[in-house]
Amino acid sequence: MTELILLCRPESGVSHQACWCLEQSFLLHESECYPHLKDICALFPTAINHSGMRSLTKIGYLVSKAYYSRKRHPLQSLLSIKMREQLVEGCFNELLTARGKTANLAFATKALFLLGQEFEWVHQQLPALIEEHLPNPQNAGYKSVAGKVLKNLNA
């Protein structure tokens, strides 16, 4: 797993493929990834291309969903404040730069909505970023996620 995470770094030249593999590893063997969460979260603020970030934002959403769940989950004791801050940074960067990347936008938005339960400023900044992407016709698939998040933010 350590070698795979190293390959996810932009300087490897195969970061997006490595991120795809990391996503599959997380989906298939989530608990085996827990000892490496610090290194996985450290990838979020790095300048990985959008293809790789799609995989990372999906992992970020799944981790956030488990962390903020009402049900007890092992991630609730494993995910440090620094790791959560790295998730916020990476997801915000993706919202700022991922023009027309529907999956990236959707996963980043859903993760940020959950992280905003802890970081109040996230919920304050999120509506403007969401609305920035809505007029883009390439983001038609994003509109459903965006609408639900906006509705929850206004509730």
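Leaving aside neighbours within four places in sequence, E94 is in contact with H50, M53, T57, N104, L105 and A108. The model is a predicted one. E94 lies in helix α7. Its relative accessibility is 3%, below the 20% limit, so E94 counts as buried. Between E94 and S69, which are 25 residues apart along the chain, the C-alpha separation is 24 Å.

Two packed helices are described by the angle between their axes and the distance between the axes. For α5 and α8, the angle is about 30 degrees and the axes are 8 Å apart. The angle is under 35 degrees, and α5 is therefore roughly parallel to α8. The crossing of these two helices is left-handed. On the α5 side, the contact is formed by H50, M53, R54, T57, K58, G60, Y61, S64 and K65. The α8 side contributes A103, N104, F107, A108, K110, A111, L114 and L115. By class, eight residues of this contact are nonpolar, five are polar and four are charged. H50, M53 and T57 in α5, together with N104 and A108 in α8, take part in this contact and also touch E94.

Helix α8 (residues 102-115) also packs with helix α9 (residues 120-133), their axes coming within 10 Å and crossing at roughly 160 degrees. This angle is over 145 degrees, which means that α8 is roughly antiparallel to α9. The crossing of α8 and α9 is left-handed. Here L105, T109, L112 and F113 in α8 meet V122, H123, L126, I130 and H133 in α9. The contact of α8 with α9 holds six nonpolar and three polar residues, and no charged residues. L105, one of the α8 residues in this contact, is also a partner of E94.

The largest nonpolar core comprises 51 residues, and those with the most contacts inside it are L22, L56, V63, L79, L95 and L112. Two or more residues each are given to this core by α1 (2-7), α2 (15-28), α4 (37-43), α5 (50-67), α7 (81-97), α8, α9 and α10 (142-154). Helix α8 supplies the largest share, nine residues. L112, listed among the residues with the most contacts in the core, also belongs to the contact of α8 with α9. For L56, the contacts beyond four places in sequence are C19, L22, L43, F44 and I48. Of these partners, L22 is itself among the residues with the most contacts inside the core.

Methods. Residues numbered from 1 in each chain as written. Predicted model: local features only at pLDDT ≥ 70, side-chain atom pairs only at ≥ 80, totals over all residues. Heavy atoms only, no water. Axes fitted to C-alpha atoms, helices over the stretch in contact; angles between N-to-C directions. Helix = DSSP H or I, 4+ residues; strand = E, 2+ residues; numbered from the N terminus. Parallel < 35°, antiparallel > 145°, perpendicular 65-115°, else oblique. Left-handed = near helix turned anticlockwise from the far one by under 90°. Contact = heavy atoms within 4.5 Å. Nonpolar A, V, L, I, M, F, W, Y, C, P; charged D, E, K, R; others polar. Core = buried A, V, L, I, M, F, W, Y, C linked by side-chain atoms within 4.5 Å. Buried < 20%, exposed > 50% of the residue type's maximum accessible area, 1.4 Å probe, protein only.
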